[in-house]
Protein chains: 2
Amino acid sequence: MSATTPDGRLGRVAVVGAGLAGSLLAVLLGRRGFAVDVFERRGDPRAGGEAEGRSINLGISARGIRALRAVGLWDGMAPSLVPMRGRVIHQPGAPLRFQPYGTRPEEILHSIRRNELNAVLVDRAEKEPAVRFHFGWRGSELDRDGGRLTLTKPGTGERRTVEADLIIGADGAFSEVRQLMHRGLPVNYRQDFLDWGYRELTIRSNPDGSARTPIEALHVWPSRRGLVVAHPNTDNSLTCTVLLPHHDDPQRPDQPSFDSLTTEAAVASFFATEFGDLPELVPDLADQYFAHPVSQLVTIRTAPWHHRDRVVLVGDACHAIYPFYGQGMNSAFEDCLVLDDCLARYGVSETALATYQQSRKPHTDVLADLATDNFIELRDRVRNPLHMLRAQADLALHRLAPQLWQPLYRMVSHTAIPYADALRRAQRQDRLLTWGAAAATVGTALVARAAWRRRRG
Amino acid sequence: MSATTPDGRLGRVAVVGAGLAGSLLAVLLGRRGFAVDVFERRGDPRAGGEAEGRSINLGISARGIRALRAVGLWDGMAPSLVPMRGRVIHQPGAPLRFQPYGTRPEEILHSIRRNELNAVLVDRAEKEPAVRFHFGWRGSELDRDGGRLTLTKPGTGERRTVEADLIIGADGAFSEVRQLMHRGLPVNYRQDFLDWGYRELTIRSNPDGSARTPIEALHVWPSRRGLVVAHPNTDNSLTCTVLLPHHDDPQRPDQPSFDSLTTEAAVASFFATEFGDLPELVPDLADQYFAHPVSQLVTIRTAPWHHRDRVVLVGDACHAIYPFYGQGMNSAFEDCLVLDDCLARYGVSETALATYQQSRKPHTDVLADLATDNFIELRDRVRNPLHMLRAQADLALHRLAPQLWQPLYRMVSHTAIPYADALRRAQRQDRLLTWGAAAATVGTALVARAAWRRRRG
């Protein structure tokens with residue numbers, strides 16, 4: 001057991017952030033024998049109410065399932081989940097099109113509300129005797145070398161300082177721990193806001209409780225001028241995310257933005273033109289549209305992820321990504337498993353934290369690019385017949401040789417192959433497919449010539 | 001004239017930073033009729049003393065000369081300058097090698113001390129009746145919509161608030177104006193610290209005042225394990241920049257770092273092995289080495305560069321780059337000319353500031369990449385005979401067809417061709433050269449075959 005410090009004392013861990021990664025880490029480290037205090041600036045997720053701006057539903061895939069299984073959670077969770085067996089594509093004037101997520105029954109995603117998953121994890125963590133949660137506290141000062149963290153209770157002016165062998169920043173894209181840990185140091189840091197933002201809409205269930213559109217799928221309304229994605233909920237409603245540019249672009253006068261769609265008439269007309277059946281599914285579309293705020297999407301890349309043997313970051317705090325590959329939570333959970341494993345192997349040490357960063361960062365860097373690219377995939381490529389033909393060839397080859405040929409989407413969503421390895425393999429397959437197509441073309445030409453010669457001769 | 005606000009009042013400009021870009025802008029805008037107040041947190045550069053950590057000499061090239069000429073300064077400056085006609089490459093056991101910077105007498109760089117150029121610019125700016133400098137003040141609060149800037153005098157607690165139609169952040173890579181302008185907004189921002197840092201050394205002149213090594217050149221000591229670059233000064237001394245990794249890399253045990261070179265013996269032995277004649281040129285090398293701090297190098301990329309029609313950034317504040325292409329000051333001066341031009345065309349307006357950013361950012365983005373790449377050029381490629389052959393082919397083609405063929409270095413340093421255009425053109429030339437080499441190879445083979453057939457026939 002390694003939950004002790006070099007002098008044999010039980011290790012104390014302070015986790016900032018009781019979101020998905022923070023709560024999962026609390027379970028893992030509590031189970032390893034660390035005394036874990038978790039500080040969260042919001043209230044207890046079990047008290048209900050969605051966290052502001054973070055209520056997008058999540059799609060749990062293989063990596064997330066693996067982590068939840070590791071803490072004994074997955075098997076009882078079915079009532080909170082809606083299986084998503086593939087994408088349903090909605091296009092004006094066309095029948096619904098279904099694209100399965102895989103070739104096997106288990107190759108599906110599972111939709112869950114962020115808040116519900118969070119509550120399950122906090123409940124599970126509290127079963128560990130050495131784990132305590134403290135809601136309503138935010139990190140405000142950090143002695144990064146001495147392992148002292150000062151917390152304040154917003155509104156009340158209350159302050160407390162805790163000492164810990166390890167301080168973990170699991171406090172999201174705008175992590176206070178990261179800022180305090182990096183302050184004044186020559187760190188690499190990059191934040192990229194997408195020039196598109198989102199607003200939420202809800203497709204309610206029918207009065208009889210049934211769903212208005214097939215429920216066991218992710219729904220996508222792709223369009224040249226916008227994108228809507230919808231996740232199913234257990235009550236047969238769906239939560240839609242409407243993506244549009246924040247601002248007008250003088251170069252593209254036909255592209256509306258959240259800035260320019262300011263009247264009910266403009267909203268109604270735009271949605272009717274671009275998103276076919278959506279206005280029927282959301283009869284009070286304009287009301288909902290104007291009732292919800294516009295949210296931002298950001299990618300964060302940074303290094304280092306740790307300060308010596310004292311402070312370390314997980315999840316969005318060190319690699320926030322756009323949501324378009326559905327891998328944010330899944331990759332944050334992987335961080336937790338790897339960090340837990342490094343601490344088990346090396347104890348609370350610089351080696352443990354450096355090994356954790358080295359094991360994860362190359363992969364989350366690749367994931368950030370994949371997530372950015374998948375925005376284009378969802379918005380533009382799912383409408384492109386040539387691109388869909390290419391995707392079908394990929395799936396057909398996978399069916400022929402499941403071990404030898406794996407589509408990128410499958411490796412990312414249905415396996416735990418590290419992201420960078422998955423990308424390298426997919427790029428190799430792409431090259432093979434290109435060569436194969438070239439060879440097939442030449443082959444066809446040779447056969448045609450031979451046939452022509454035979455006929456002539 | 002456009003130095004008036006829409007209501008006809010004379011425009012007031014507050015510039016934060018009286019460095020190179022801030023002082024040049026003060027001249028340009030003062031001349032256009034704006035009332036310009038320049039606030040600088042350090043003391044007056046004319047009071048002497050190098051600014052801490054910024055004393056690297058500068059290489060003025062075509063873009064910088066153009067800007068200085070625009071304010072009537074270049075012609076009188078010869079006494080402050082040392083012409084650098086090319087690079088002198090020092091390698092252990094080899095004679096000095098000279099690589100000219102161009103093919104014509106005017107295609108040279110000019111070395112100057114940053115502080116000296118700064119003093120010349122402040123002097124020039126004070127000749128404009130509407131320009132006033134305020135030293136010892138730093139920006140501490142900004143009302144970015146209202147155009148109010150609060151300044152404090154460190155140490156004294158004095159505060160003042162100024163109102164301006166336009167507030168300009170010319171306050172360097174860690175710009176306070178940028179931070180205040182961007183605070184809480186969804187901006188893109190990226191900082192990359194080079195994992196190599198630098199320490200300064202001085203090659204003094206001989207006791208008779210003569211130079212110890214050819215003075216009219218940039219000196220380079222390239223090595224697989226380090227890099228030294230030296231700029232000449234008017235007193236026949238040279239200022240060296242010793243570049244090494246900050247930290248040890250367990251993967252490269254033979255690579256020393258500033259962390260590991262901690263004894264006089266280690267320093268002496270490393271410099272003798274890697275940098276041939278440098279220990280002779282700097283007899284008190286170890287003393288100097290330990291007397292100077294290690295400095296960081298950073299690249300900053302960000303957007304937007306402005307807030308509405310009220311606040312705008314120039315130079316390092318919006319695009320700090322590594323110094324390896326010698327274009328930091330030159331590109332900052334270009335910013336000033338373009339911003340001045342946009343303000344002349346559109347008045348103090350969002351259009352002016354947006355046009356300025358659109359005109360400059362694509363080019364400074366490319367420059368950031370070029371400057372990063374040139375570190376590898378200076379350290380590794382100048383030692384590579386194949387690479388040098390390629391550079392000579394480039395120069396030879398330029399001599400044959402000066403208009404049609406221009407080496408990238410020439411376009412960047414000896415012309416005002418925008419950086420991104422220069423890079424595109426160089427890439428086209430590279431492709432042509434590759435095709436040309438392929439064609440030449442095939443041509444030679446055909447001629448050889450024809451000759452062989454003739455001989456046989």
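Let me begin with helix 10 of chain A, which gives the most to the lining of the largest cavity, with four residues. Please keep in mind throughout that this is a predicted model. Rolling a probe the size of a water molecule over the atoms shows where empty space is left. In this structure the count comes to one cavity of 30 Å³ or more, and about 40 Å³ of space lies in the largest cavity. Which elements of chain A each supply at least two residues of its lining? They are strand 18, covering 298-303, helix 8, covering 316-319, and helix 10, covering 350-379. Among the lining residues you can find I300(A), W305(A), C318(A), H319(A), K361(A) and D365(A), and by class the lining has four nonpolar, three polar and three charged residues.

Strand 18 of chain A takes us on to a sheet that is built from both chains. Four strands form this open sheet in the order 18(A)-13(A)-13(B)-18(B), and the pairing is antiparallel. At the edges are strand 18 of chain A and strand 18 (298-303) of chain B, each of which pairs on one side only. Neighbouring strands of this sheet are turned by 10° against each other on average, if direction is ignored. Within chain A, strand 13, residues 188-193, is joined to strand 18 by six bridges, and the two run antiparallel; one of the residues involved is N188(A), whose bridge partner in strand 18 is A303(A).

P304(A) is found in the loop between strand 18 and strand 19 (306-307) of chain A. In chain B, a cis peptide bond likewise joins A303(B) and P304(B), with omega about 0°, and P304(B) lies in the loop between strand 18 and strand 19 of chain B. Most residues other than glycine have a negative phi, and most peptide bonds are trans. On the matter of phi, N236(A) has a positive value of about 70° although it is not a glycine, and its place is in the loop between strand 16 (226-232) and strand 17 (238-245) of chain A.

Let us now turn to chain B, where six strands form an open sheet in the order 6-5-15-16-17-14, with mixed pairing. Why is one side of strand 6 (97-100) and of strand 14 (196-203) left without a neighbour in the sheet? These two strands stand at the edges and each has a single partner strand, so one side of each has no neighbour there. On average, neighbouring strands of this sheet are turned by 20° against each other, direction ignored. Strand 16 and strand 17 of chain B pair in the antiparallel sense over six bridges, and P232(B) has L238(B) as its bridge partner in strand 17.

Next come the aromatic rings, for which a search of the whole structure finds 28 aromatic pairs over all chains. One of them is the edge-to-face pair of W196(B) and F375(B), at 5.2 Å centre to centre and 75° between the planes. This pair links distant parts of the chain, with W196(B) in strand 14 and F375(B) in helix 10 of chain B, 179 residues apart.

Finally, an unreviewed UniProt entry places the feature "transmembrane region" at residues 432-452 of chain A. In the model, that span is 100% helix and 0% strand, and its end C-alpha atoms lie 30 Å apart.

Technical notes. Residues are numbered from 1 along each chain as its sequence is written. Chains are lettered from A and ligands numbered from 1 in the order in which they are written. This is a predicted model: local features need pLDDT of at least 70, side-chain atom pairs count only at pLDDT 80 or more; totals for chains, interfaces and linings use all residues. Side-chain values use heavy atoms; hydrogens and water are left out. On a 1 Å grid over the protein atoms alone, a cavity is a set of points where a 1.4 Å probe fits but cannot get out, and a pocket is an open set with protein on both sides within 12 Å along at least five of seven lines; lining residues have an atom within 4 Å of a point. Grid points are joined across faces, edges and corners, and a volume is the space filled by probe spheres set on the points. Ala, Val, Leu, Ile, Met, Phe, Trp, Tyr, Cys and Pro count as nonpolar, Asp, Glu, Lys and Arg as charged, and the others, Gly among them, as polar. Two strands pair if DSSP finds at least two bridges between them. Axes are lines fitted to C-alpha atoms, for helices over the stretch in contact, and angles run from 0 to 180 degrees between N-to-C directions. UniProt positions are given in the numbering used here, feature names are shortened, and annotations may be inferred rather than shown by experiment. Rings of Phe, Tyr and Trp (its six-membered ring) pair if their centres lie within 6.5 Å; planes under 30 degrees apart count as stacked, over 60 as edge-to-face and the rest as tilted.
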